[in-house]
Amino acid sequence: MANPQSNLDELMKDPKAAGLLKNKALMQSPDTQRLMELLSQNAGDGLKTAAAKGDTGALLGMVRQVMQSSEGARLVQNISQAVPKEKK
């Protein structure tokens with residue numbers, strides 16, 4: 001199995017991803033925590049496996065599945081609105 005730390009290291013090379021992961025307020029927000037709970041409930045061990053492999057396609061599919069519920073859609077929308085906007 002792939003080393004989760006090495007995948008995280010790769011992800012941290014992307015400035016946008018690194019900025020989000022380093023945003024403690026966003027990562028610890030109630031909306032983010034609840035979204036993670038929903039993902040864990042729906043995907044089970046598949047979430048950990050996809051994250052460890054860096055399988056963004058599988059992760060995106062899991063988020064899309066959670067977004068089919070009104071709560072999941074609301075959480076993703078709230079998190080999206082909380083993400084700092086990129087300066088142009």
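User: How many helices and how many strands does the secondary structure of the protein come to?

Analyst: This is a predicted model, and its secondary structure comes to seven helices and zero strands, so that a reading along the sequence gives the pattern α-α-α-α-α-α-α. Of the contacts between residues at least 6 apart in sequence, 52% join residues at least 24 apart.

User: What share of the 88 residues is buried, and where is the largest nonpolar core?

Analyst: The general idea is that, in soluble globular proteins, nonpolar side chains tend to be buried together. In this protein, buried residues make up 20% of the 88 residues, and the largest nonpolar core has eleven residues, among them Leu 26, Leu 35, Leu 47, Met 62, Val 76 and Ile 79. Helices α4, α5 (45–53), α6 (56–67) and α7 (70–82) each supply at least two residues of this core. If we take Leu 26 as one member of the core, its contacts beyond four places in sequence are Leu 20, Thr 32, Ile 79, Ala 82 and Val 83.

User: Is Thr 32 buried or exposed, and what does its side chain contact?

Analyst: Thr 32 is located in helix α4, which spans residues 30–43, and it counts as buried because its relative accessibility is 10%, under the 20% cut-off.

User: Why does Thr 49 count as partly exposed?

Analyst: Thr 49, which lies in helix α5, counts as partly exposed because its relative accessibility is 31%, and that class runs between 20% and 50%. Thr 49 and Leu 59 are ten residues apart in sequence, with a C-alpha to C-alpha distance of 9.7 Å.

User: At what angle do α4 and α5 pack, and which residues make the contact?

Analyst: In general, two packed helices are described by the angle between their axes and the distance between the axes. Here α4 and α5 pack at an angle of about 105 degrees, with their axes 6 Å apart, and this angle makes α4 roughly perpendicular to α5. On the α4 side the contact is made by Met 36, Leu 39, Ser 40 and Ala 43, and on the α5 side by Asp 45, Gly 46 and Leu 47. Sorted by class, the contact of α4 with α5 has four nonpolar, two polar and one charged residues.

Conventions: Residues numbered from 1 in each chain as written. Predicted model: local features only at pLDDT ≥ 70, side-chain atom pairs only at ≥ 80, totals over all residues. Heavy atoms only, no water. Helix = DSSP H or I, 4+ residues; strand = E, 2+ residues; numbered from the N terminus. Buried < 20%, exposed > 50% of the residue type's maximum accessible area, 1.4 Å probe, protein only. Core = buried A, V, L, I, M, F, W, Y, C linked by side-chain atoms within 4.5 Å. Contact = heavy atoms within 4.5 Å. Axes fitted to C-alpha atoms, helices over the stretch in contact; angles between N-to-C directions. Parallel < 35°, antiparallel > 145°, perpendicular 65-115°, else oblique. Nonpolar A, V, L, I, M, F, W, Y, C, P; charged D, E, K, R; others polar.
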